[in-house]
Amino acid sequence: MALDDRITKPEQLKLASAEGPSNLQCEAWQMSKASNASVDATVKALSGDKPIEGPHKAEIDKQFGGQAGFIRQMGNDLRTQYNLPADAPPEQLYRKMAADAVALFPHMNRAEKAAGLASLQLDGTAIKDEGKVFKALIDRDRRDAGLPVLSLAELKANKCSAMKETEVAAHLTAYKDAVKNGIKLDYN
């Protein structure tokens with residue numbers, strides 16, 4: 001009698017929620033090494049065939065080498081900003097973002113705190129919990145991109161491909177904004 005090592009979807013979700021995501025479970029999709037075709041395929045899956053247009057499209061595409069170049073650069077810039085290696089998976093990036101948000105929150109002024117809580121849809125108590133902030137950051141990026149909010153188990157399933165999708169969707173949202181409104185420079 002052969003052993004049946006197939007795991008059903010309900011069992012996968014149960015195992016994922018019991019173990020939690022880890023860099024070993026989640027694919028380490030390397031934004032910095034992703035081909036244009038890979039990024040474009042993910043973008044197409046997210047937004048369909050509808051072209052993204054705006055008054056700044058030509059200058060943005062020229063500066064970054066197109067939509068895929070912009071998305072890749074945003075991923076690289078975030079990893080640099082958070083002192084992560086270029087090949088850090090999206091899960092690690094979101095965890096670092098959550099840790100930094102929790103650490104910075106007490107030092108913000110009242111208006112910044114209100115804006116941050118509203119953006120993440122959290123209250124003053126939840127903002128102190130890195131796990132809740134981690135989930136809230138992902139939820140916000142998915143909402144902003146028009147994607148459904150997923151449970152942690154759903155985010156962990158399929159080698160965390162939903163985490164990759166979330167990160168690309170967040171950068172795609174930034175691309176749409178840049179094409180429409182240009183890139184604002186902060187000289188501080």
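**The cores**

Visitor: Which residues touch the most other members of the largest nonpolar core?

Guide: This is a predicted model, and what follows should be read with that in mind. The largest nonpolar core has 25 residues, and those that touch the most other members are Tyr94, Leu120, Leu122, Ile127, Val133, Leu137 and Met163.

Visitor: Which helix gives the most to this core?

Guide: At least two residues of this core come from each of α5 (90-104), α6 (110-120), α7 (130-144) and α8 (152-181). With six residues, the helix that gives the most to this core is α5.

Visitor: With which residues is valine 133 in contact, leaving aside its neighbours within four places in sequence?

Guide: Valine 133 is one of the residues that touch the most other members of the largest nonpolar core. Once its neighbours within four places in sequence are left aside, its contacts are Ala98, Ala101, Val102, Leu120, Leu122, Ala126 and Ile127.

Visitor: At what angle do the axes of α5 and α7 cross?

Guide: Two packed helices are described by the distance between their axes and by the angle between them, so both values belong in the answer. The axes of α5 and α7 come within 8 Å, and they cross at roughly 115 degrees.

Visitor: How many charged residues does the contact of α5 with α7 have?

Guide: On the side of α5, the contact is made by Glu91, Tyr94, Arg95, Met97, Ala98, Ala99, Ala101 and Val102, and on the side of α7 by Glu130, Val133, Phe134, Leu137, Ile138 and Asp141. Sorted by class, this contact of α5 with α7 has ten nonpolar residues and no polar ones, while the number of charged residues is four.

Visitor: Is arginine 142 buried or exposed?

Guide: Arginine 142 is found in helix α7. Leaving aside its neighbours within four places in sequence, arginine 142 is in contact with Leu147, Pro148, Val149, Leu150, Ala162, Glu165 and Thr166. A residue with under 20% relative accessible area counts as buried, and because the relative accessibility of arginine 142 is 2%, this residue is buried.

Visitor: Why do the buried residues of α3 line one face of the helix?

Guide: Helix α3 (residues 57-64) has Ile60, Asp61 and Phe64 as its buried residues, and what covers them includes α4 (67-81) and α8. When one looks down the axis of α3, these buried residues line one face of the helix because they fall within an arc of 95 degrees.

Visitor: What is the relative accessible area of alanine 58?

Guide: Alanine 58 lies in helix α3, on the face turned away from the buried side, where the exposed residues Ala58, Lys62 and Gln63 are carried. A residue counts as exposed when its relative accessible area is over 50%, and alanine 58 is therefore exposed, with a relative accessible area of 63%.

Visitor: What separates the C-alpha atoms of alanine 58 and valine 179?

Guide: Along the chain, alanine 58 and valine 179 are 121 residues apart, yet their C-alpha atoms are separated by 8.2 Å.

Terms used:
Residues numbered from 1 in each chain as written. Predicted model: local features only at pLDDT ≥ 70, side-chain atom pairs only at ≥ 80, totals over all residues. Heavy atoms only, no water. Core = buried A, V, L, I, M, F, W, Y, C linked by side-chain atoms within 4.5 Å. Buried < 20%, exposed > 50% of the residue type's maximum accessible area, 1.4 Å probe, protein only. Helix = DSSP H or I, 4+ residues; strand = E, 2+ residues; numbered from the N terminus. Contact = heavy atoms within 4.5 Å. Arc of directions from axis to C-beta. Axes fitted to C-alpha atoms, helices over the stretch in contact; angles between N-to-C directions. Nonpolar A, V, L, I, M, F, W, Y, C, P; charged D, E, K, R; others polar.
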